[in-house]
Amino acid sequence: MKSDVRNIKILSEEELCELWYHVKVILLKAQKLSILQSDNENSKEKQQALKLIQAIAAMALETVMHKTFFPNVLLEIVIILHSVILPEIKDTKVKDEISYLLENWWKSNMIWKEKVIMNAIKHLTESSKTSSQHIKRLYKIRSALYLIKRNEDIQMLVELSRSAVVMSVPEGTVILLKLFALGEEFVMGIHNNVKTILEIGESDVIKGYANLYAKAWLNATNKTKKLIIEKCFKNIIFHCLRSRRDSTGRVKLGTNLLIFVDALHRYKSNAIKLMLHDHWNSLLWEHLKASGSCVRCNAAEILFVIYSVKSKHLTENENDMKQYTKAISQLLKDSNQQVCLIAINGTSKILESHWKCIPADIIKNWLNILSYHMKSKFSSEIKISILNGIKLMVSNKHSHASVKDFLNNFVNQIYYADIDVIKCFIKLLIYLQNQIGISIWDSVALTTLLKCIEDTNESKLLEELIKLLCLRIQLDHLNNDDATEEIINIGTKNITATRKFFFHSKDIVNWDNAFRLINIILLTIERQASCLLTDDETNNKCSKRFKRNNDKSHNGNSTKDIVKKEIDTCESINILLEVVAIILYVNKKNVTNEYFDKEEGRDLRRVFTSILPQILCSYRVQKLSLNESTLFLLSFVPVTMMSNANNICETIAKQLSNRNVSNEMLITILYTLMKWEKMDIVFTLLKDLITKFTNVEYNQENSNDLIIKEQEQTLVLTVGILKHLLNIDFQEKLLIAYHKDLVNVWKDLRVIQYHVENRMICSNELSNVVMKEQVLIGLFKDYLSIIYILLKIDVYDVSECLQNILSWVEERVIPRIPTMEEHEKHQFPINILKIVFNSISSSAGIIFMHDALKAIIALLHFNKTQYYNEDSNLLNTILPKFLYAVMISLNKYPKDIIIEHTNNLKMLNLLIEKYFETIEFTYSDQKMHATYLTIILNTGISNISKEIIDNAGNNSTDILKIKFPFLAEKILKNTLYLKKYQHACFLAIKQAVIHYDEVDILSTLLIINEMFNLPIKSTRKLQDITNVIKLEYEKRCDLTIHNRFIVDAIKTIVNSIQSNF
């Protein structure tokens, strides 16, 4: 048995018979031994038996392959291997050896081959689900598959249709096609398995099954064809029409059914298409008229799948074509959005491919329906679908004329649509112009494109729109008249879009073209400015219109006609100045001082230094708001190049005192003066403005509405200028070079406090006696906010200013706080108080904390009537918020900083005492006392938690030896450690513990443990509060690695506390 099996070929017939008689005896013994050791797969005897069986199978194969004489005993051995051993053994290698022998027995057409192939088929079938090699072996004996008759064996075979491996190799497909031909049980078995795949499969897999069905039907007998239609295709058709849908469309099964039908219809055989039409026809028209929108959606999708405009049914039958196009029209008008969307997408694809095959009147009708949708208030999704459909249509060259007319029907209304619709429309315009070659200017009004530019923020879309507008202006082929006329035209129609166009055009319009464009514009500005600056007669003559040639274009609304009718000289200069300003700004790296000395910069310098100052000083031009652009342009010119710089600066500075000046104009003026180092003029002006109303005496006689209004405007303007000076763009330079001037201006603005006082005094008098409350509130907010910007000046102690503010509040504002009976009528003092406290708590740092504590104490000295009502706005809103902000701010700083800036927290004890006294007087319920003490107590607990977290990484830390931080120690000594506050503090902890995290719970337990060292304590209360905390903790404790340190520490501290009971 151990010798080479290939030696069998040299044996004689007699020797061969004798050999196989001995082998049979050995096989029977090995089979018996294998059965006895079936429960012990790894036994030595079992392994020996398997090796013998494997060797015998190899010897039998060698005999079959190389001998012509086969002893009868060999047939007996093969039957034993097939019927007895192969079904029983589990060793896959041995089973494979035996199966391979039986496969070759079948292929060699040996005697009784039908009797010894069944189990080989079963083995190959099972292995083929995962092995392509076994599929190929099964393919070679596919002629034996007809022998499979038992139901379980049939089921095993048809399950191959669910195998991705089987479907991935050609041999696997042939096997399945063979099964289709074996009768109804096989067809139904395959179909049932494929239905399972239809629920989960991906599109490529589904298409593979559709091709399988198509091949099976085409290759089948008439009887089998009818069977496949009745049992498979009709089932798929019905469920495809009735499949469930959700908000996104078909569910997975429905989607795959549609993919299956589409793949069937696309199969290369026309016989398949005819068959589908015959079996879909009546059923489809019926479902298109169904009352349920889901069914109509499914039917619509199928209509566009199985019907082609060029199909025989439509081209040869006029009635069918009418029915087909009428159905599409009805679907386009369907009241259900999803049905309508399906119809739009399907119609667009039809027109993309078959525009010439469809009668013109039908296309016109469809486009009219789509145009109606675009004009109506239908959903954005429908409009986007239509725009995407147009993109498909225009790929057919025969559609271009109709599409242009279609766009004209709604294009001017498009910018009223949703932003997503506008984006889609922009993409379509870009596609039409760049990819298809359709000029959008024949269909799309310039105003529409400008509106799109104005509303678009998406960089890629904006870039493409700019390219489109560049084509219109023809920046690559600049002409003096055409370029300026087009710029003026677009500027008049939409100046915002014009600014945006030039601002974002740097990457498209290079510096060479930008330089040429600037020169062209400057020539026009110079020519027009010379007209403005002459006498009235010449002025009138020159200001009429731009001179245009009389050439008429084919379009009555040409650019030249529009410009000639709509734009006068002054407006054109304004637009052109804006454009030059923006071009220079985006190319500012190229516009240096050296640039003006070069030949290319001389024209620009000449216009800047001679023409622009004249425009700036021209009364006529000033009335037209040209100054902002002119000023911005002047800021590019070094002051040394200006021959009359002082005069220009004085003219500019006068605009600062204009109460109606815009913020943009203010910033431009300040920017120009700062660049020219003429900021002294600004500070002189500010001082003059403040002086005008500083000494005004307030009384009934000399106050009237006009004076007050003028003072309001002047004060608002002054504060506005100061805020702009402290803007981040100017701040770095001004805070260093002009810090004294800034501080002096701010100090002069103390007049705002004076106006606030007068507003409080005159609260019950006529409103025209003093400034309006809302104006003063805004001014006061700005006044305080400037303090924290000035804080950046190291040489200026703003804490003194803040202290003065707080003292002023205590002396002048707090006494004016109304009683509860009056507070609804007179909220002004309370609003001023809120501004002060919000300003300190949100903007101030540690250096203000001492003053803040003093301010709270001052607040607590209010007349008792302020707190008599428990709904007191002061007690319920202002005080807790301010106190909370102060305590949170204190928690941010280490001990030495707190001691340095809060005078060792000496005010804290007084604050807590006064605070508790006020609350106790106001609320009889002790639970309310606890609520207000929580703010202070939680600060101490958070302070300890911070210390714990900082030490959490140190595993050697003894939690019981953690020292309380300075702030926590101060708070505890003045609250929880004092007997008179203990009860309220315990109530506060009970109320707050549900909001504590594990670290805060640990901190609280540490405090309780520390309290056992106090001389005065209540063990019962400590035990009670410990149980409350422990119960809350156990409800939500999560034993994770992340909080392991905290969890272990809590257990330790709880044990320590309980040991004291």
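## Cavity lining

The residues that line the largest cavity divide into 6 nonpolar, 2 polar and 1 charged, where Ala, Val, Leu, Ile, Met, Phe, Trp, Tyr, Cys and Pro count as nonpolar, Asp, Glu, Lys and Arg as charged, and the others, Gly among them, as polar. A cavity here is a set of points, on a 1 Å grid over the protein atoms alone, where a 1.4 Å probe fits but cannot get out, and a lining residue has an atom within 4 Å of a point. This is a predicted model, in which local features need pLDDT of at least 70 and side-chain atom pairs count only at pLDDT 80 or more, while totals for chains, interfaces and linings use all residues. Residues are numbered from 1 along each chain as its sequence is written, and side-chain values use heavy atoms, with hydrogens and water left out.

By this rule there are 4 cavities of 30 Å³ or more, and the largest has a volume of about 70 Å³, a volume being the space filled by probe spheres set on grid points that are joined across faces, edges and corners. The lining of the largest cavity consists of Phe502, Ser505, Lys506, Val509, Ala514, Leu517, Ile583, Val586 and Asn587. Two or more of these lining residues come from each of the elements α27 (511–532) and α30 (569–586).

## Overall make-up

The protein chain contains 54 helices and 2 strands, these being DSSP runs numbered from the N terminus, with helices (H or I) of at least four residues and strands (E) of at least two. Of the 1061 residues in the chain, 52% are buried, where buried means under 20% relative accessible area, exposed means over 50%, and partly exposed lies in between (1.4 Å probe, protein chains only). Among contacts (heavy atoms within 4.5 Å) between residues at least 6 apart in sequence, 73% join residues at least 24 apart.

Helix α15 (residues 293–306) has 14 residues and reaches 20 Å from its first C-alpha to its last, close to the expected 20 Å at 1.5 Å a residue; the expected span is 1.5 Å times one less than the number of residues. Because 12 of the 14 residues of α15 are buried, this helix is largely enclosed by the rest of the structure. The buried set in α15 includes the charged-type side chains Arg296 and Glu301, along with Val295, Cys297 and Asn298.

Helix α35 (residues 645–656), with 12 residues, reaches 17 Å between its first and last C-alpha atoms, close to the 16 Å expected at 1.5 Å a residue. In α35 the buried residues are Ala645, Ile648, Cys649, Thr651, Ile652, Ala653, Gln655 and Leu656. An α-helix has 3.6 residues a turn, so residues three or four places apart point the same way.

## Salt bridges

Side chains of opposite charge can pair when their charged atoms come close. A search of the whole structure finds 21 salt bridges, each defined as a side-chain nitrogen of Lys or Arg within 4 Å of a carboxyl oxygen of Asp or Glu. In one of them, lysine 122 pairs with aspartate 153, and the closest N and O atoms are 3.5 Å apart. Lysine 122 belongs to helix α5 (residues 118–128) and aspartate 153 to helix α7 (residues 151–158), so this pair ties together parts that are 31 residues apart in sequence. Lysine 122 is partly exposed, at 22% relative accessible area, whereas aspartate 153, at 6%, counts as buried. Another salt bridge joins the side chains of glutamate 126 and lysine 129 (3.9 Å, N to O); glutamate 126 is partly exposed at 46%, and lysine 129 is partly exposed at 24%.

Lysine 990 and aspartate 1024 also meet through their side chains in a salt bridge (2.5 Å, N to O). Because lysine 990 lies in helix α51 (residues 979–992) and aspartate 1024 in helix α53 (residues 1019–1036), the pair ties together parts that are 34 residues apart in sequence. Lysine 990 is partly exposed, with a relative accessibility of 31%, and aspartate 1024 is partly exposed at 34%. Elsewhere, salt bridges that share partners join Asp96, Glu103 and Arg137 into one network.

## Two individual residues

Serine 371, in helix α19 (residues 360–375), is buried, with a relative accessible area of 5%. Apart from neighbours within four places in sequence, serine 371 is in contact with Phe406 and Asn409. Lysine 29, in helix α1 (residues 13–36), is exposed, with a relative accessible area of 59%. The C-alpha atom of lysine 29 is separated by 8.3 Å from that of alanine 49, a residue 20 places away along the chain.

Definitions and conventions:
1 Å grid on protein atoms, 1.4 Å probe; cavity = no way out; pocket = protein on both sides within 12 Å on 5 of 7 lines; lining within 4 Å.
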